[in-house]
Structures are given as structure tokens and as C-alpha cells.
Amino acid sequence: MNIREFLADKVQSAMQAAGIPSELGPHLAPAKKAGFGDYQANGAMAAAKAMRTNPRELAAKILDHLELDGIADKVEIAGPGFINIHLANSWLGQQLSGVAEQATLSVEPTSAPQTVVVDYSSPNLAKEMHVGHLRSTIIGDAIVRALEFVGHKVIRQNHVGDWGTQFGMLLAELESQTQATDAEIALHDLEAFYQQAKQHFDADPEFANTARDYVVKLQSGDEKILALWHKFREISLSHGDEIYQTLNVTLSREDVMGESAYNDDLPVLVKALEDQGLAVVDQGAKVVFLQELADKKGNPSPVIVQKQDGGYLYATTDLACLRYRANTLNADRLMYFIDQRQGLHMQQIFTLGVKAGFASSDISLEHHGFGTMNGEDGKPFKTRSGGTVKLADLLDEAVERARALIETKNPELSEQEKTAVALKVGIGAVKYADLSKTRTTDYIFSWDAMLAFEGNTAPYLQYAYTRIQSIFRKAGVEPSSLTAQISVEAEQERHLALKLLQFPEVVELMIKEAFPHVLCTYLFELASAFMTFYEACPILKDGVEEPVKASRLHLARTTGEHIKQGLVLLGIDVMDRM
Ligand code: ARG
């Protein structure tokens with residue numbers, strides 16, 4: 001159950017019974033300060049203003065009708081007309097008992113399931129995946145997991161860049177290299193291959209001519225060149241698959257819907273824009289001028305949909321793609337996880353797409369941008385020599401560093417266990433460092449910060465989980481057998497119980513705003529609340545009475561399940577010991 005919604009409904013009914021029009025909402029939120037209850041409704045003030053009456057008196061009327069018997073042990077009016085709700089310990093205990101056994105904990109399936117199409121990762125296949133694709137890949141994947149968790153239908157779309165003029169050069173290079181070796185070997189290091197092709201292109205005019213000829217041949221569907229393209233695409237995609245697997249990202253081959261998939265639709269789409277009088281010829285190119293996105297001086301925003309030489313652009317493909325997602329995939333909600341710097345591009349696509357009737361205005365069209373990942377010098381993250389950092393290398397380093405850390409922290413683990421733990425901790429640390437920052441800001445990539453066992457990091461949460469598991473080992477109990485009624489007594493117990501019950505609210509907010517960091521902050525607070533509880537409320541010490549012990553063990557189990565589930569939604573694994 002979502003407590004916030006549950007209480008909002010109660011307050012809303014009381015408001016209606018008090019004669020307040022139903023469009024005036026309860027405005028209910030978790031209280032921000034201690035002493036103001038657990039939840040606070042401030043709807044009485046806005047309602048009193050609209051009804052021209054005294055807010056405290058109106059709040060008192062609402063209170064008369066507010067039925068919270070057995071739910072709250074104190075409801076009071078504060079300040080100008082806030083209603084503060086103090087939930088009863090007994091109710092919190094009842095709500096929490098049984099939650100750990102539920103597959104989705106206290107989260108209920110959404111009452112309004114949507115088809116959500118999510119565009120994420122989407123690297124260019126001409127090159128190796130680099131750190132620039134990390135953010136889109138892991139943020140998108142966290143949101144996708146959360147959407148599915150609450151019962152939405154998610155269609156993942158990996159809009160890979162598998163088309164364009166650079167493929168002429170790459171295919172000519174592939175052809176020349178594969179006379180001596182296999183394609184797999186030639187493309188073993190895509191980044192190096194790209195550089196070789198580029199050098200070849202710049203140094204050898206004959207090769208450059210072949211490359212240009214191959215662009216034309218590729219576009220006209222020449223069989224030999226298409227076969228080379230398929231081979232290149234296949235190998236590059238398999239490099240991506242390896243990264244997804246290491247990263248524990250849920251993208252698979254079925255989700256690949258690259259730029260090339262829209263080729264046949266591009267002339268059709270441009271014609272539709274011309275027929276509607278939207279696209280006009282300007283200096284030989286076909287352009288749509290959007291007054292809706294005009295600059296301060298009133299100059300419309302130009303979207304080129306076809307170049308003078310007949311070639312199509314990134315925007316043309318994205319328009320075709322929008323139409324496909326809206327009409328063929330029947331999206332209710334369309335989410336794009338792409339670098340913030342493509343903000344104008346996405347705005348143009350959405351504005352023009354709706355204007356041209358490619359997507360209905362009922363569909364929620366959302367670009368969720370993100371900032372840059374910077375190095376410790378505050379500049380975009382680069383290798384020591386200033387090159388782009390390959391994602392594969394970065395992940396290898398993460399696992400190596402985690403391994404060294406595990407070696408010092410827990411040398412008695414077996415080699416096999418160390419390897420498994422290092423993978424989960426290293427990859428978890430990289431992902432969490434990113435997910436825990438507000439998506440829209442830049443952040444500094446720091447190995448030391450992300451691998452710390454203290455603070456808002458993946459290792460801290462994974463460690464908190466293992467500590468909970470160690471309690472069960474010490475007690476000699478199987479956690480799934482812990483089902484006693486939870487009784488909430490001590491203040492630290494109460495704080496932990498309420499935090500646990502707020503999980504649904506957090507997941508909802510994460511989905512609504514596409515903000516994984518709200519879940520991270522929550523998990524960090526939850527783990528900290530557990531540590532405080534564990535210090536204050538002994539579980540296995542001599543003298544703790546049996547029912548208290550059973551209740552606290554169950555509370556510990558419930559906390560463990562939440563940390564685990566929360567991390568799963570972020571694509572991070574836990575382990576029983578580390
Ligand atoms: N391939 C593009 C890039 O690497 C990102 C594509 C994002 N998706 C889209 N529909 N435009 O910048």
C-alpha cells in the first residue's frame with residue numbers, strides 16, 4: 001500500500017464530508033520536520049482561501065470527519081491550518097507484517113498500466129561503446145526495471161547508429177583487412193579499427209574513392225556491400241552485448257531497432273511533410289521551419305529533413321522512429337534517455353512530430369537528459385593521454401579495484417567467492433555512483449568515492465545487506481522462516497518501520513520523474529535507519545525476550561528484502577557475504 005495515497009484519500013473524503021468541493025485536494029506529503037507527525041495535509045489552507053473562510057476553522061471541520069481510528073494515534077491542527085497525522089505504532093506493525101513475503105513488497109500493481117517505450121543506450125556501431133553511453137544505458141535500465149516492477153508494459157528500444165556515410169569507409173577497410181584475416185579479428189578492437197580506416201581514408205585517395213562508392217552501393221542495396229555491412233553490424237552488436245551482460249543491463253538483441261530500420265520510411269515521411277506544406281525547399285535542402293521554437297528574435301527553428309544531395313539526417317530518422325513508436329508500438333508514454341546536449345533536437349522532433357500528426361498529442365513525449373561524467377579535474381572524463389575511455393576498459397578496472405579491496409577486507413573468502421563478489425561490488429559501484437546523482441547534473445567520477453564502504457555508495461548498501469544476513473547466520477535461522485508479527489516499540493524501530501512502508505511512494509516518484517537517485521537516497525537512508533536500529537535495539541543479546549527477538553528478526557528480514565529489491569531495481573546485485 002502507498003501510505004501517502006491512502007491517507008490522501010482519507011483526508012479527501014473528510015474534506016468532501018466537510019462540504020469542500022472535490023477539486024480542492026488534500027495536499028498530503030510526508031512531514032519534513034520531526035514533531036510535525038509523519039504526514040502533513042495542508043489542503044485546508046488553499047481550500048479556505050478558495051471558499052473565503054478561516055483556514056483553522058476549516059481544518060477543524062475536516063478533522064471532525066477524518067476517520068483514522070486505529071491508524072493514527074494523534075491528529076492535530078498546527079500553524080495556520082496544517083493537519084499533522086501521527087501514525088499509530090500498532091498500525092505500522094500490522095502494515096509491515098507480511099510485506100517481506102510479497103513479491104513486490106508493499107508495492108501494488110499500478111491501476112493504470114501503460115505501454116511505455118523507452119529509448120536508451122543507443123550507441124553508434126561504428127565505434128566501440130565509450131563512457132558517454134554509460135549514463136543512458138544504466139539510467140534507462142533502472143527506469144525500465146521500475147516500470148515493469150509496478151506492472152507497466154515496457155518496450156525497450158536500442159536505437160543504435162548503424163547507418164550513415166562513415167560506413168562506406170569502414171566497409172572498405174573491412175574488405176581490405178579481411179583479405180588477410182577474419183572479420184572477428186579485424187574488428188576485435190573497434191576503436192583501433194576506426195582509426196585505421198580513418199588514416200587509410202586520409203592517406204590513400206584510391207581507398208577514399210572506394211569508400212565513397214561503397215556509401216552509394218550500400219544505399220542502393222548492393223548485395224556484396226550489404227553482406228559486409230551485416231557482418232560489421234553483427235560483430236559490433238556482439239561487443240555491445242558483452243558490455244550489457246557485464247553491466248547487468250536488461251537489453252537484448254530483440255530490443256535493437258537501429259537507424260537503418262527506418263530507411264524505407266524516410267522518403268515517405270519527407271513527402272508527407274511536403275504534402276502538408278510543412279517542409280519547404282531552402283537552398284536546395286528540404287527544411288521545416290518551426291515558429292513554435294523560435295529564438296528570442298522570432299527566427300523560427302529550422303529542421304533539415306533532406307540535404308541538397310538527397311541524403312537524410314539524424315532528425316529525419318528520429319521522426320520516422322517517433323511515428324513508429326506512436327502508431328505501431330502504440331506507446332502511451334515515450335521516454336528517451338539521451339545526453340542533455342541533444343535537448344533542442346528532441347524538442348524539434350516532438351514539436352514537429354505532433355504538428356505533422358506522426359504522434360498524437362495524448363502521448364507523453366519525454367526527453368530525459370543527463371549531464372556529463374567528468375574526471376576528478378572537473379573536465380569530461382578522459383584517459384591519461386586524453387583519449388575517450390572505452391567502457392569495457394573502465395568496467396575491467398572497476399572489477400580489479402573491487403577485487404583488491406575484497407582481498408584486504410575479507411581475505412578468508414574462497415577465490416571463487418572473491419571473483420563473484422568483486423564483479424558485483426565493482427560494477428555495482430560504477431552504476432550506483434551514477435544513479436545516485438541527480439540525473440540532470442554533471443558529476444565527478446571518482447574511484448575512491450564510489451568504492452568507499454561508508455556513505456551513499458553501492459558497497460555500503462551491499463555491506464548492510466550482508467550484515468543483516470550475518471544476523472540470521474548467527475541466530476541459525478532461515479530468513480524466509482521469519483514471519484512473526486512485527487511490533488513497533490522503540491523510536492528507532494518506528495523510524496525504520498515507517499521508512500520501509502514508504503518504499504511504494506519512492507518507486508512511484510522515481511517512475512514519474514525518471515529519477516533513479518530518489519531510490520538511491522531512500523536506500524541509503526533505509527540502511528542507515530537499520531544501522532541505528534540495530535545499535536539501539538539488540539536482537540540476539542542475552543535477555544531479549546522471545547517475542548521481541550522474533551519481531552526484530554522479522555524487521556531485519558524485511559529491511560534486507562527492501563535493500564535487495566531496491567538494488568535489483570537499479571540493476572545491482574547483493575550477496576550473502578563479502
Ligand atoms: N546514437 C546516438 C548517439 O550516440 C543516440 C541515439 C539516441 N536515440 C534517438 N532516438 N535519437 O548520440
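This is a predicted model: local features need pLDDT of at least 70, side-chain atom pairs count only at pLDDT 80 or more; totals for chains, interfaces and linings use all residues.
**Around the ligand**
- The surrounding residues are Asp119, Ser122, Asn124, His133, His159, Tyr314, Asp318, Tyr336, Ile338 and Gln342.

**Contacts with ligand nitrogen**
- Asn124 places a polar side-chain atom 2.9 Å from a nitrogen atom of the ligand.
- For Tyr314, a polar side-chain atom is found 2.8 Å from a nitrogen atom of the ligand.
- Asp318 also has a polar side-chain atom 2.8 Å from a ligand nitrogen atom.
- On its own the ligand would expose 350 Å², and the protein buries 88% of that area.

**Salt bridges**
- Side chains of opposite charge can pair when their charged atoms come close.
- The count for this model is 30 salt bridges.
- One of them joins the side chains of Arg325 and Asp119, with 3.0 Å from N to O.
- This pair connects distant parts of the chain: Arg325 belongs to helix H12 (residues 314-328) and Asp119 to strand S5 (residues 115-119), 206 residues apart.
- Asp119 is also among the residues that surround the ligand.

Key: Residues are numbered from 1 along each chain as its sequence is written. Side-chain values use heavy atoms; hydrogens and water are left out. A residue is near a molecule or strand if one of its heavy atoms lies within 4 Å of it. A polar contact is a pair of N or O atoms within 3.5 Å; within protein, one must be able to donate a hydrogen and the other to accept it, and residues adjacent in sequence count only if both atoms are side-chain atoms. Accessible areas come from the Shrake-Rupley method with a 1.4 Å probe; for residues, only the protein chains shown count as cover. A salt bridge is a side-chain nitrogen of Lys or Arg within 4 Å of a carboxyl oxygen of Asp or Glu. Helices (H or I, at least four residues) and strands (E, at least two) are DSSP runs, numbered from the N terminus.
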